[in-house]
Amino acid sequence: MTTSFNRVPCTVVTGFLGAGKTTLIRNVLENTKGKRLAIIVNEFGDAGVDGEVLKNCGLDNCPEENVLELANGCICCTVADDFVPALDQILAREPKVDHILIETSGLALPKPLVQAFQWPAIKNRVTVDGVIAVVDGPALADGQVASDMDALAAQRAADDSLDHDDPVEEVFDDQVACADLIVLSKSDLLDAEGNERARARIEDHLSRNVQIVPSAHGKVDPALLLGLGLAVEDDIENRKTHHDDAHDHEHDDFDTFIVDLPPVLRPEDLEARVNAAVGTGEVLRLKGFAHVKGKPMRLQVQAVGPRVSHHYDRPWKAGEAAETRLVVIGLKGIDRARIESLLTA
């Protein structure tokens with residue numbers, strides 16, 4: 001173990017779409033005492049839903065200005081353009097930040113991001129304390145890396161234009177391969193046999209001894225997540241991934257778009273439309289906020305595979321436009337017109 005005394009520690013939180021990264025980080029913010037935190041949130045799509053959720057925690061140890069959003073693309077692909085300036089902003093904050101958390105997009109590969117910490121502009125100022133991979137427990141128990149893999153597999157089998165390799169599986173493999181700790185999310189939805197199946201699926205992908213921690217509703221003792229002192233950037237080349245031989249990589253396997261809708265009359269109406277959209281099997285993830293007519297509160301909407309949830313997260317702010325805006329993420333070639341039609345029906 002290498003301990004860095006003069007550099008700001010940074011924890012990278014990676015994980016597939018909808019695995020529970022934002023919920024985990026929110027729990028860290030609420031239960032980490034005595035540390036001033038900053039967060040970099042990277043989202044696939046230019047509507048910062050996860051960043052908005054974290055900004056509204058209202059905690060003194062991580063004020064809103066300490067949450068920076070990178071929504072212009074995958075962080076591992078835009079590290080030079082966006083990530084370094086974001087770090088510069090955080091390190092210039094007064095009072096000084098004690099620890100940085102990075103929430104990558106569900107599509108990001110953690111290895112290129114960690115490798116960037118070897119750059120001279122970063123290496124002397126920040127070190128990677130550890131890489132945390134959040135994985136979806138119920139999906140893994142069902143033999144999948146995400147909640148709706150059967151539909152994805154059927155779609156891929158029917159489309160000869162797609163590669164034989166499954167990009168979703170590759171993303172999962174790479175995230176787990178780089179992890180120092182794995183959080184098995186939604187463990188409250190698993191019985192003993194399901195928990196065993198999920199753990200066995202993870203262990204099939206591990207080439208190192210990595211601890212697996214169960215979590216319900218993102219609750220993990222922050223002492224397990226922060227302060228690992230691993231200086232991962234010095235060891236990252238030993239963590240083998242699918243993209244080690246590639247000089248660059250693309251995320252052309254995925255598409256994202258935003259759907260703006262008029263105010264909804266009832267949350268249940270929107271839920272039904274979201275269910276219809278995800279029922280096509282084309283939507284990997286859907287998230288956003290909705291304006292419910294006559295309600296002063298903002299409705300947060302999340303869909304991961306067949307699981308759709310919503311709740312009022314806060315009042316609309318003075319001067320803030322109350323709007324319904326949903327981010328849709330799917331595989332390349334997703335039938336955008338069909339999804340938009342179902343959401344606006």
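Here are some questions and answers about a predicted model.

User: Is Ser215 buried or exposed?
Analyst: Start with where Ser215 sits: in the loop between strand S7 (211-214) and helix H10 (222-225). The cut-off for buried is under 20% relative accessible area. Ser215 has a relative accessible area of 2%, so Ser215 is buried.

User: Which residue's backbone nitrogen does the side chain of Ser215 reach?
Analyst: A polar contact needs a pair of N or O atoms within 3.5 Å. The side chain of Ser215 has a backbone nitrogen at 3.5 Å, and that nitrogen belongs to Gly218.

User: Leaving aside neighbours within four places in sequence, which residues is Ser215 in contact with?
Analyst: Contact here goes by heavy atoms within 4.5 Å. With those sequence neighbours set aside, the partners of Ser215 are Val183, Leu184, Ser185, Lys186, Ser187 and Val220.

User: Is Lys111 buried or exposed?
Analyst: Lys111 belongs to helix H4 (residues 110-115). Leaving aside neighbours within four places in sequence, Lys111 is in contact with several residues, among them Glu237, Asp244 and Cys178. Its relative accessibility is 6%, and because buried means under 20%, Lys111 counts as buried.

User: How many disulfides does the count come to?
Analyst: A disulfide is a covalent bond between the sulfur atoms of two cysteines. The rule asks for a pair of cysteine sulfur atoms within 2.5 Å. Cys10 is buried at 0% relative accessibility, and Cys178 is buried at 0% too. As for disulfides by that rule, the count is 0.

User: Why is strand S2 (residues 37-42) largely enclosed by the rest of the structure?
Analyst: Look at both faces of S2: Leu37, Ile39 and Val41 point one way, while Ala38, Ile40 and Asn42 point the other way. Each of these residues is buried, whichever way it points. S2 is largely enclosed because of its buried count, which is 6 of the 6 residues.

Terms used
Residues numbered from 1 in each chain as written. Predicted model: local features only at pLDDT ≥ 70, side-chain atom pairs only at ≥ 80, totals over all residues. Heavy atoms only, no water. Helix = DSSP H or I, 4+ residues; strand = E, 2+ residues; numbered from the N terminus. Buried < 20%, exposed > 50% of the residue type's maximum accessible area, 1.4 Å probe, protein only. Polar contact = N/O pair within 3.5 Å; in protein donor to acceptor, adjacent residues only side chain to side chain.
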